[in-house]
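Welcome! Here is a short briefing on how one protein chain is put together. Have a look at the structure first, and then we will walk through it by topic.

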Amino acid sequence: MKYDCALIQDVVSLYKDNALSEKSKQIVEEHLAECGACRALYNGYSEEKELPESTEEISTAAVITYSKKIKRRRTAIVCCVLAVVLYLAAAFCSYVYLDTADPIAAGVGLLRVMVFDSEPIEIQKNPRVVIARPERFQAAFEAYVAAEGYTYLAEERLGKLHYIEKDGEKELVRLRGNRFYALWSWD
Ligand SMILES: [Zn+2]
């Protein structure tokens, strides 16, 4: 062998990092081809260099970041879908029970009437829906429409259907109620 092992082993890391001149590289290559001890060192060195491992680490980190991102996105989507489903369920309930598909107006109205003992509240404009206290709601309804300049046509009443009149135009209102609230829905 032309070169001493110690010399080669000194520069083998430089060789590995591709930091040698062409000439020196050739010398190291020739030596490695011949010398098992230096080759073993070189191989061990190149394994220790953990280049593949660090690449793997990087890609693992990337996969983790990516999967976290996907998980976050999935959570956001699930939350959105849940919110929409809840809103639709609330809208359906408020439509069935309170004649309006606006669950927020319905909920606020219901709360004010039931908890805060409020005056009748309009929870929908068109067609008009008013929510009121359940007690004596017939009388409350008559007072409410009278205050707005309507005439209550008592003799034309048909069960839950009540007629009111203003400026020669008749309007039909359906009154219903339970022990929690009363609802007046314009036709
Ligand atoms: Zn050697």
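A nonpolar core is a set of buried Ala, Val, Leu, Ile, Met, Phe, Trp, Tyr and Cys residues joined through C-beta atoms within 7 Å. Buried residues have 20 or more other C-beta atoms within 10 Å of their own, with C-beta atoms placed from the backbone. The model is predicted: local features need pLDDT of at least 70, side-chain atom pairs count only at pLDDT 80 or more, and totals for chains, interfaces and linings use all residues. Residue numbers start from 1 along each chain as its sequence is written.

**Domains**
- The chain has domain 1 (5-49) and domain 2 (93-186), with bounds from an automatic or database domain assignment.
- Between the C-alpha centres of domain 1 and domain 2 there are 93 Å.

**Cores**
- The largest nonpolar core has 17 residues, and Leu 98, Ile 131, Ala 132, Leu 183 and Trp 184 touch the most other members.
- Strand S2 (129-132) is one of the elements giving two or more residues to this core; S2 supplies the largest share, four residues. Strands here are DSSP runs (E, at least two residues) and helices are too (H or I, at least four), numbered from the N terminus.
- Leaving out residues up to four places away in sequence, Trp 184 touches Val 130, Ala 132, Phe 141, Val 173 and Leu 175 (contact: C-beta atoms, placed from the backbone, within 7 Å).
- A second, separate core of six residues includes Ile 8, Val 12, Cys 38 and Tyr 42.

**A helix pair**
- Ile 8, Val 11, Val 12 and Tyr 15 in H1 meet Ser 24, Lys 25, Val 28 and His 31 in H2.

Technical notes: A residue is buried if 20 or more other C-beta atoms lie within 10 Å of its own, exposed if 12 or fewer, and partly exposed in between; C-beta atoms are placed from the backbone. Two residues are in contact if their C-beta atoms, placed from the backbone, lie within 7 Å.
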